[in-house]
Structure formats: C-alpha cells, structure tokens
Amino acid sequence: MSFEFITQQLKQQHQQARFRQRVCHDGEVGQSNGREIVVDGKSYLNFSSNDYLGLNNHPLINKALQEGIDRFGLSASASSLVTGFSYAHQTLENEICQWLNKPRCLLFSSGFSANLGILQALGQSSANIWLDKLSHASLIDGALSSKATVKRFKHNDINHLNTLISSIKQKTNTDNGLHEPILKTRDNIIVSEGVFSMDGDLAPIEQLSSLSNRYDGKLFIDDAHSIGVIGKNGQGSSSLANIDIVMATFGKAIASSGAFVVCQEDVFEYLTNFSKHYIYSTAISPALAWATNQSIKIIQTEHWRREKITELSEQFNQLLSPGIDLIPTQSSIHGLVVGGEEKTLLASKKLKERGLWVTAIRPPTVPLNSSRLRVTICSNHNANDIRYLAKNINEVLS
Ligand SMILES: Cc1ncc(COP(=O)(O)O)c(C=O)c1O
C-alpha cells in the first residue's frame, strides 16, 4: 500500500502520547487583554502565550494597522526585489537598525523562513556551522539543508564548543600535514538562541561573541524569545555583546507577524542577492510592517512591561514548592520539567480543569524524558493570577 507511513507514524504518535492537535480559541482577546483565552465558551488564564509584553490588541498598534492598510494596502503584492518593498518596510527596517544599533536590516515573512534563508545562504561548503544542541527546529533545518559541515555543541557549554572547534583544527592540521591553522580558511558560524524557547535560559552571549572573534567567525543569534524582553529597551541579546547577525520574529513579544535580521552591510547585500527565502517570497504586508513599527516604538519606551515580567516571575519562583524542577531563567519562559509524556499531559489536563491553560511540551520538541509544562509569564498577568497558578501547579505536581 502506498503512503503507509502516514497511518503508521500517526499510530505511533498516539501510542507514545505525542499526538498533536490544534485548539481553536474563540478569539475574544479584547476584553481580557490577552490574559485569558476562551475555548468552547470556557475562559482560561493563558500561560502559554508568547505575547510576552501583552501588546496584542494594543489600541495604538491596531490604529497603526488601519493607517497602514489605508496608506499602503494589506498586501505587498510582490517580492521585495520586484515591487513589494515600500516606505512602510523601509521605515520599519530603519527603526530596527536604530534600536539595535546595526547598519542594516532585512525583513522576512517568518522566523522559520529567515533562519532557513540565512543559514542556507551563509552555509557554503567552506563553512562550519556550530549549533547549540537545543537549537530551534528552523535553525537545525537551515544548517542541515546548507552545504556547510554541521556540528552540535552541548547546550550553553562554551568549553565543549571550544574543544570541538580546536579539535577540528588539530585534526585537519595533522591531515594535511601543512601545520596551517585550517580554521583561518574555514568560515565559522556559531549559532545559538538568545533565550531558549523551551528552557527559557539565556545563552552566554559575551563568551560566544569572544569565541567567535577568536576564530574570525560570525556569531548568529536567534533572538525570538529575547527581543522585547531582555535589555533596558528590549533590544534582546544585542544589549549584552556585539553579535554579527541577529534574527528575531515579530510573532512573539512584538505581537505581529514576520521576522527581521540585522547585520553588517556586506551580509545584508549578500542575503539580498543570495537568500532564496528572501528573494522568492512575497514581502510582508506593508500594513503589518507599519503596525510592527508602532509596536517597536512602544517596546522601547514602556519599561514597566519588562519590569512586570521580572516581578511576577520572582513571585512565581518563590511560591512554587521546593520539589518542583524549575529551570532557572531571567526570561518570560519557565520550564517545569515533569518527565514522561503521559504524566505531563495529565498535569496539563488537570490545570485546564482548574481554568489554567498551560501547554504540555513533549519530544521531539524537547529531549526524551524531559517533557514539561512551559509556563510563560507576560506583562498582562497580575499577582493574583500568579498565586492561583503556583497554588494549582503545586497541587497537581505534588
Ligand atoms: C527560537 C525560534 N526561532 C524561530 C521561530 C520561528 O519564528 P516564526 O514563528 O516567526 O516562524 C520560533 C517560533 O516560532 C522560535 O521559537
């Protein structure tokens, strides 16, 4: 029988308690300001949203979207290199460059496509891509589908990364017998996430940056979960050290859709000429670009949103029972490692019965036996929400 793998693999997903399904929420964000979601008429406190700064449905951003539609239309109607690039896109790129203090910016239609587009273009056969073990699927796919040699280093382990890079150097030196530091002729791209999506911990950005400099490489950081949340003005990892290439999605704290990359002039020109995901894709909606620009302006000035995340996260930490395996973090993401898939699904179900939406994250998104509840604390939550959440997690996981 043809396509037998479809039935087989779906069956296996069920057997392993890994079957995935979408949930359609009723879309009533307005009243609760995104703090709650309504599913089948029932309201839940939402601790699974990536709207970290609570900006979705913000009146000024909504107004900018309407202005953008009136001025530019909803669709770009072409790729950027044809006629899709407008003043709305230019304005957004300029704002991001100024915010992150980088010379150039390029907009992509999603973070996933940006990661593919960047790594496939930069990952030539002369390149080594060094990838953190816990990197997002889009980074792994981008690296593996490039022409580069790909190596994974242990999560956030600078010593391991250094050992891997220097061992290749020695091996290659011996192989070619020239005692030439081969890494000088290789293009080293070190790839990590600013804040890890499923653990919430931060990468050692400063150390990665100096290691990359030492090998004359390029540091590429996916700041999907750091942008808006980390740094005084929400600049993410760019506030911690010099990074050659930063990518971030608009779909999380920026509360819009699409993605950007910031870099130096030469990389910008190179991606504009050689990144297929950029060249052969319709430019993002100009109206969305206009609204996204408004969101980024708010992010830079409304510091209280970041302070609130810190304050509520500290409260959550203090209220959790000592036996609970909480991954330490300074971000919005709090991973509570439970272990097996079924146990984690059950905990999530029990929380739902108590009006709390906390998604169970299972392999292959996270390593085997580290299924977890991924709690996101956002600036539209309040102290009562956190008390209620912690009390119920303590009960469900005890
Ligand atoms: C770390 C990371 N990178 C990239 C992406 C993809 O971004 P987008 O949703 O814009 O495709 C995500 C999440 O969706 C992510 O968590």
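A: A charge sits over a ring if NZ of Lys or CZ of Arg is within 6 Å of the ring centre and within 35 degrees of the ring normal. By that definition, R104 lies over the face of F268, at 3.8 Å from the ring centre. This is a predicted model, in which local features need pLDDT of at least 70 and side-chain atom pairs count only at pLDDT 80 or more, while totals for chains, interfaces and linings use all residues. Residues are numbered from 1 along each chain as its sequence is written, and side-chain values use heavy atoms, with hydrogens and water left out.

Helices (H or I, at least four residues) and strands (E, at least two) are DSSP runs, numbered from the N terminus. Two strands pair if DSSP finds at least two bridges between them. An open sheet is built from seven strands in the order β3-β9-β8-β7-β6-β4-β5, with mixed pairing. Its edge strands, each of which pairs on one side only, are β3 (104-108) and β5 (149-153). From one strand to the next, the twist averages 20 degrees. Within this sheet, β4 (residues 127-132) and β6 (residues 187-193) run parallel and are joined by five bridges. There, I189 in β6 stands opposite I129. In a regular strand the side chains alternate between the two faces of the sheet.

Axes are lines fitted to C-alpha atoms, for helices over the stretch in contact (heavy atoms within 4.5 Å). Angles run from 0 to 180 degrees between N-to-C directions. Helix α5 (residues 87-100) lies across β3 and β9 (259-263), at about 130 degrees to β3. Helix α6 (residues 111-122) lies across β3, β4, β6, β7 (218-222), β8 (245-249) and β9, and runs at about 155 degrees to β8.

L219 is touched by S209, as are A241 and N242, when residues up to four places away in sequence are not counted. S209 itself belongs to helix α9 (residues 205-214). Its relative accessible area is 8%, so S209 is buried; buried means under 20%, exposed over 50% and partly exposed in between (1.4 Å probe, protein chains only).

Another pair of strands is β10 (residues 333-339) and β13 (residues 371-376). They pair in the antiparallel sense over six bridges, and I333 has T376 in β13 as its bridge partner. Because six of the seven residues of β10 are buried, that strand is largely enclosed by the rest of the structure.

Aromatic rings provide further links. Rings of Phe, Tyr and Trp (its six-membered ring) pair if their centres lie within 6.5 Å; planes under 30 degrees apart count as stacked, over 60 as edge-to-face and the rest as tilted. The count by this rule is seven aromatic pairs. One of them, Y44 with W357, is edge-to-face, at 5.0 Å centre to centre and 80 degrees between the planes. This pair links distant parts of the chain, since Y44 is in strand β2 (residues 42-46) and W357 in strand β11 (residues 356-357), 313 residues apart. Y44 counts as buried, at 10% relative accessibility, and W357 likewise counts as buried at 10%. K352 lies over the face of W357, at 4.1 Å from the ring centre. Elsewhere, F72, Y87 and W290 form one aromatic cluster.
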